[in-house]
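Please take a moment to look over the chain shown below before reading on. The paragraphs that follow lead through its strands, its core and a few of its residues.

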Amino acid sequence: MRFLREELHVQDEEITLYVHCHTTDIDQHRTITAYWLNTLALPESCFRKILIKQGSETSRNVLLNGICSIRVYNVKVLQHIYGAIQEYAGFDHLAWLF
């Protein structure tokens with residue numbers, strides 16, 4: 001989040017948050033959502049959806065707060081990242097920039 005905010009100047013309004021977890025309990029969904037919003041210092045408007053993953057009987061490493069997926073829908077940010085990859089890797093792929 002620091003990289004997105006400070007280096008790429010991404011505004012909170014451009015960020016969406018999805019949470020993946022194992023529980024179907026609505027109260028836990030609220031707790032998990034609050035955890036990620038507080039941890040990432042994002043407003044509730046950034047939250048989109050909880051995706052529930054079915055566990056198996058042999059699962060041992062269940063994450064209490066699940067995992068989150070951060071998405072930024074901004075073409076300029078994408079072009080900046082692709083340009084940086086090209087610069088660091090030392091090649092040109094013009095189709096990435098347009």
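Strand S1 (residues 15-21) and strand S2 (residues 47-52) run parallel and are joined by 5 bridges, where two strands are said to pair if DSSP finds at least two bridges between them. Across this pairing, His20 of the chain stands opposite Leu51 in S2. Between the two strands the chain passes from S1 through helix H2 (residues 26-39) to S2, and this β-α-β crossover is right-handed, a term which means that, with the strands pointing away from the viewer, the path from the first strand over the helix to the second runs clockwise.

This is a predicted model, in which local features need pLDDT of at least 70 and side-chain atom pairs count only at pLDDT 80 or more, while totals for chains, interfaces and linings use all residues. Residues are numbered from 1 along each chain as its sequence is written, and side-chain values use heavy atoms, with hydrogens and water left out.

Seen as a whole, the chain has 3 helices and 3 strands, and along the sequence they follow the pattern α-β-α-β-β-α; helices (H or I, at least four residues) and strands (E, at least two) are DSSP runs, numbered from the N terminus. Of the 98 residues in the chain, 23% are buried, where buried means under 20% relative accessible area, exposed means over 50%, and partly exposed lies in between (1.4 Å probe, protein chains only). The accessible surface of the chain comes to about 7400 Å², and 54% of it belongs to carbon and sulfur atoms; such areas come from the Shrake-Rupley method with a 1.4 Å probe, and for residues only the protein chains shown count as cover. Among the contacts in the chain with a separation of 6 or more, 72% are between residues 24 or more positions apart, a contact being heavy atoms within 4.5 Å.

Which residues have the most contacts inside the largest nonpolar core? They are Val10, Leu17, Val19, Trp36 and Leu42, and the core has 15 residues. S1 and H2 are the elements that give two or more residues to this core, and the largest share, 4 residues, comes from S1. A nonpolar core is here a set of buried Ala, Val, Leu, Ile, Met, Phe, Trp, Tyr and Cys residues joined through side-chain atoms within 4.5 Å. With its neighbours within four places in sequence left aside, Leu42 is in contact with Met1, Arg5, Asp12, Ile15 and Leu37.

Apart from its neighbours within four places in sequence, Leu4 is in contact with His9, Val10, Ile70 and Val72. The C-alpha atoms of Leu4 and Val72 are separated by 9.0 Å, although these residues are 68 residues apart along the chain. Asn74 is partly exposed, with a relative accessible area of 21%.

His9, in the loop between helix H1 (2-7) and S1, has a positive phi of about 55 degrees although it is not a glycine, and His9 counts as exposed at 57% relative accessibility. Ala41 lies in the loop between H2 and S2; its phi is near 55 degrees, a positive value in a residue other than glycine, and Ala41 is exposed, with a relative accessible area of 51%.

Finally, the cysteines: Cys21 counts as buried at 4% relative accessibility, whereas Cys68 counts as partly exposed at 22%. The structure holds 0 disulfides, a disulfide being a pair of cysteine sulfur atoms within 2.5 Å.
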